[in-house]
Amino acid sequence: MKKIFLACAAFATMIGTYSCTKLDVPVESQYVKSNFPTTDADYTALLGTIYSNLSSSYAVPYWRMQDMSTDEAILPARDGNFDDGGQYRQLHYHTWTFDHPNVIGVWQWGFGGINTCNRIITVINASSSTAAKKASSIAEVKAMRALYLYFMMDLYGNVPIITDFPVTTQPTNQPRAKVYEFIESELKSVLPLLPAKSSNAATNVGQYGRPTKGMVFALLAKMYLNSGVYTGTTRYQETVAMCDSVQSNTNYFLDAKYRDIFLPTNGPQVNETIFAVPYDQQIPGNQFTRFGFFYYLAQAYGFNVGLSIAMSTTPEFYNRFNIPGDDRTKTWLAGPQYYPDGNGGFTNQPVYYPAPNATKQINIIPTLTLTGLKPMDLGNDVTTSQSEGVRSIKYYPDVNIIQATRLNSNDVPVFRLADIYLMKAEAILRGAAPTTINGDAQTPLTLVNKLRTRAHAELATSIDLDALLDERARELSWEAWRRNDLIRYGLFEKEYPLPVMGGKTDDLKMNTDPTRRLYPIPSTELKTNPNLKQNPGY
């Protein structure tokens with residue numbers, strides 16, 4: 001049931017998505033005024049390509065740009081394997097260029113989504129639908145366009161604002177502050193027309209993965225918290241106000257089990273999800289198990305497919321998971337490995353390496369020891385270098401994964417209530433006044449301890465900004481917010497400690513230039529559109 005909305009999109013024959021500078025593509029659509037859809041199901045199919053585009057790159061290329069450019073995730077080479085032209089070490093060391101495959105692909109993904117939104121708005125405006133139906137549908141599309149544009153502004157900074165379809169003139173960069181103001185204005189304008197999360201389960205199924213008032217409040221809170229980065233002016237009290245607007249809807253509340261939020265069976269029944277990207281075997285894009293699991297544990301977890309052994313976290317990031325009793329620590333594979341019990345825990349039956357080491361228990365260690373022979377390379381011994389690097393199973397391995405696609409069914413949250421608590425706590429620590437919501441007098445400490453209580457972790461006795469950043473790392477790991485957090489804290493260009501990488505050296509050194517807080521405008525866009533100006537430092 002959780003995927004009905006996106007499944008409908010498969011039946012709509014829609015125009016493909018294009019880069020914002022490809023202006024000579026034909027305008028094609030199965031819909032004209034005489035046969036424009038009139039039922040809710042027809043509208044669902046019409047809007048479906050907005051969401052299928054979102055899912056196509058959110059959990060891999062976009063996620064990599066946000067998390068693999070930080071200490072949170074790393075995909076090292078193993079005797080040269082998994083290097084893939086150096087694209088992963090370029091992300092880790094901030095040495096990407098304007099022709100990096102993710103830099104190009106994510107720009108085209110984001111502006112392709114914006115282009116699709118603009119086209120659909122044009123089609124809706126030309127339809128014979130009622131004014132009310134037009135208004136509500138366009139509000140949904142504009143909210144998604146604002147989300148896409150937020151992703152682009154966050155990654156690339158001074159980006160074009162494109163609202164026309166078809167595009168008749170080459171777009172120019174707009175100052176980041178102007179893009180920020182446009183997104184804010186759009187979100188505020190559509191807010192009254194969007195639905196609120198309901199207490200009715202069937203209603204929430206229909207809304208799942210689509211914009212709601214809660215999504216708008218959460219996105220505005222994220223923008224206001226980062227306003228100092230985006231515009232030079234801080235807006236912490238507005239951050240608190242938006243967080244309170246989410247919480248005023250009591251249909252959002254923390255789920256009892258942290259693990260349940262990220263299981264392959266997650267969906268609209270998760271009470272704290274504000275907006276998520278749905279995935280399953282028919283909705284491609286989530287391949288966390290393919291890239292981040294430990295291959296030799298595959299059979300123990302109930303599947304037998306080809307997987308990577310490479311992607312992990314760094315030792316310094318994993319070291320933050322050090323609170324007694326914390327369930328969030330269980331989302332990592334570290335230490336001696338045992339068969340899972342099927343309920344998020346483990347049996348006492350060890351898992352062994354394959355022959356010729358079949359009597360040796362698999363042991364995953366945090367250390368990443370560079371060989372110094374190849375760039376960011378750990379070597380390829382099964383029981384040593386392949387076992388280095390703690391793996392995430394936050395998006396718990398999907399037993400239905402198959403070799404042909406290696407897709408996960410875990411939906412990936414973009415906004416959830418836990419982030420609302422942490423954003424409010426940070427805004428207060430940075431100077432906003434505390435507030436009481438639903439009779440709850442909330443302080444940074446009480447907000448953090450709500451999350452620790454749910455995770456069965458030892459409660460905090462005090463909280464400051466540094467400790468809050470660590471709490472965000474524990475709560476929101478691998479949710480594509482680490483880069484955003486580090487930039488806001490002024491830590492994005494802080495060099496990774498050499499001892500963390502095993503004390504060995506190679507030819508690589510992290511680029512600590514603050515201009516790396518923005519990605520470059522892709523080479524492909526600069527070649528086709530002379531009106532675009534490159535970001536500083538590139």
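This is a predicted model: local features need pLDDT of at least 70, side-chain atom pairs count only at pLDDT 80 or more; totals for chains, interfaces and linings use all residues.
How many residues does helix α8 have, and how far does α8 reach from its first C-alpha to its last?

**Close-up A. Helix α8, residues 213–225.** Here's the answer: α8 has 13 residues and reaches 18 Å from its first C-alpha to its last. That's close to the 18 Å expected at 1.5 Å a residue. Of the 13 residues in α8, 12 are buried, so this helix is largely enclosed by the rest of the structure. The buried set runs from Gly214 through Leu225, and it includes Met215, Phe217, Lys222 and Tyr224.

**Close-up B. Helix α13, residues 417–429.** Helix α13 also has 13 residues, and its first and last C-alpha atoms are 19 Å apart, close to the expected 18 Å. It's mostly covered, with 12 of 13 residues buried. Among them are Leu417, Ile420, Tyr421, Leu422 and Met423, along with charged residues such as Asp419, Lys424 and Glu426. After α13 comes Gly431, which has a positive phi near 130 degrees.

**Close-up C. Where α5 meets α6.** Two packed helices are described by the angle between their axes and the distance between the axes. For α5 (residues 131–156) and α6 (residues 176–190), the axes come within 9 Å and cross at roughly 155 degrees. Angles over 145 degrees count as roughly antiparallel, and α5 and α6 are therefore roughly antiparallel to each other. Their crossing is left-handed. On the α5 side, the contact is made by residues including Ala139, Ala143, Ala146, Leu149, Tyr150 and Met153. The α6 side brings in, among others, Val179, Tyr180, Phe182, Ile183, Leu187 and Val190. Sorted by class, the contact has 12 nonpolar, no polar and 5 charged residues.

**Close-up D. Trp332 and its surroundings.** You'll find Trp332 in strand β2 (residues 332–333). Trp332 is buried, with a relative accessible area of 5%. What is Trp332 in contact with, leaving aside its neighbours within four places in sequence? The list includes the aromatic side chains of Phe317, Tyr318, Phe321 and Trp478. Thr313, Val390, Arg391, Ser392, Ile393 and Ser477 are in contact with Trp332 too. For a sense of scale, Trp332 and Tyr150 are 182 residues apart in sequence and 30 Å apart in space, C-alpha to C-alpha.

**Close-up E. Two cis peptide bonds, at Pro166 and Pro356.** Most residues other than glycine have a negative phi, and most peptide bonds are trans. The bond joining Phe165 and Pro166 is cis, with omega about -5 degrees. Pro356 belongs to the loop between β5 (346–350) and β6 (363–364).

**Close-up F. Positive phi at Met376 and Arg406.** Met376 isn't a glycine, yet its phi is positive, about 45 degrees. Look for Met376 in the loop between β6 and β7 (391–392). Is Met376 buried or exposed? Met376 is buried, with a relative accessible area of 1%. Arg406, again not a glycine, has a positive phi of about 50 degrees. Arg406 lies in the loop between β7 and β8 (412–416). With 19% relative accessibility, Arg406 counts as buried, because the cut-off is under 20%.

Methods:
Residues are numbered from 1 along each chain as its sequence is written. Side-chain values use heavy atoms; hydrogens and water are left out. Axes are lines fitted to C-alpha atoms, for helices over the stretch in contact, and angles run from 0 to 180 degrees between N-to-C directions. Helices (H or I, at least four residues) and strands (E, at least two) are DSSP runs, numbered from the N terminus. Angles under 35 degrees count as roughly parallel, over 145 as roughly antiparallel, 65 to 115 as roughly perpendicular and the rest as oblique. A crossing is left-handed if the near helix is turned anticlockwise from the far one by less than a right angle, and right-handed if clockwise. Contact means heavy atoms within 4.5 Å. The expected span of a helix is 1.5 Å times one less than its number of residues. Buried means under 20% relative accessible area, exposed over 50%, partly exposed in between (1.4 Å probe, protein chains only).
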